Amino acid sequence: MKSLPIIIALLVAPLCSLADVPSCLVGLWKSDEELTLADMRKHPDVSERAKALFENKFFGRLVLVFGTRYIGSYFPGEPQEQTKFEPVRVVDTGPNWVKVKYNLLGNDVFQHWGCDKGKIYSVVSKWEFREYFSPLP
């Protein structure tokens, strides 16, 4: 029963579909540390302090639930029933990417998401590198 909120979100969200959300984003994903760090290393302006933080198990743990109207995340080992789903609004879209707006701690946040060879990514940090996510069964 711990995964019930995730199952409900994945089954119900497509019924409330927003046509602008690419279907390749919808699903259950886990942060991919190897791909994310490889992309980060392509950005020479990332500070040494940030690299030290990011390369010390910062990525690779987060599980993401991406629906057509909501997004949620949690870390394995934490109670999944505490996963909070935030409604998202599409503000721009393309054939395999979307820019969404949602509320995080009382602030509007804009985030770019895309699909790439069976994985998804979000553009993160002020250096705008990609955090990749691999599909979970």
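Mentor: Buried means under 20% relative accessible area, exposed over 50%, and partly exposed in between. Keep that in mind for this predicted model.

Trainee: Why is E33 called partly exposed?

Mentor: E33 has 22% relative accessibility. Buried needs under 20%, and exposed needs over 50%. The value falls in between, so E33 counts as partly exposed. E33 is found in helix α2.

Trainee: What makes K57, F59 and G60 residues that E33 touches?

Mentor: Contact means heavy atoms within 4.5 Å. K57, F59 and G60 meet that for E33, with residues up to four places away in sequence not counted. Y132 is 99 residues from E33 in sequence, yet the two C-alpha atoms are 7.5 Å apart.

Trainee: Which residues of α2 are buried?

Mentor: T36, L37, D39 and M40 are buried in α2, residues 33–40.

Trainee: How do you know that they are on the same side of α2?

Mentor: They cover an arc of only 160° around the axis, which puts them on the same side. An α-helix has 3.6 residues a turn, so residues three or four places apart point the same way. The buried residues of α2 pack against α3 (48–54) and β9 (129–135).

Trainee: What makes D32 a cap for α2?

Mentor: A side-chain oxygen of D32 lies 3.3 Å from the backbone nitrogen of E34. The cut-off for a polar contact is 3.5 Å. The pair is within it, so D32 caps the N-terminal end of α2.

Trainee: How is the lining of the second largest pocket divided by class?

Mentor: That lining has 7 nonpolar, 3 polar and 2 charged residues. F58 and F59 are among them. Phe counts as nonpolar, so both belong to that class.

Methods: Residues numbered from 1 in each chain as written. Predicted model: local features only at pLDDT ≥ 70, side-chain atom pairs only at ≥ 80, totals over all residues. Heavy atoms only, no water. Buried < 20%, exposed > 50% of the residue type's maximum accessible area, 1.4 Å probe, protein only. Helix = DSSP H or I, 4+ residues; strand = E, 2+ residues; numbered from the N terminus. Arc of directions from axis to C-beta. Polar contact = N/O pair within 3.5 Å; in protein donor to acceptor, adjacent residues only side chain to side chain. 1 Å grid on protein atoms, 1.4 Å probe; cavity = no way out; pocket = protein on both sides within 12 Å on 5 of 7 lines; lining within 4 Å.
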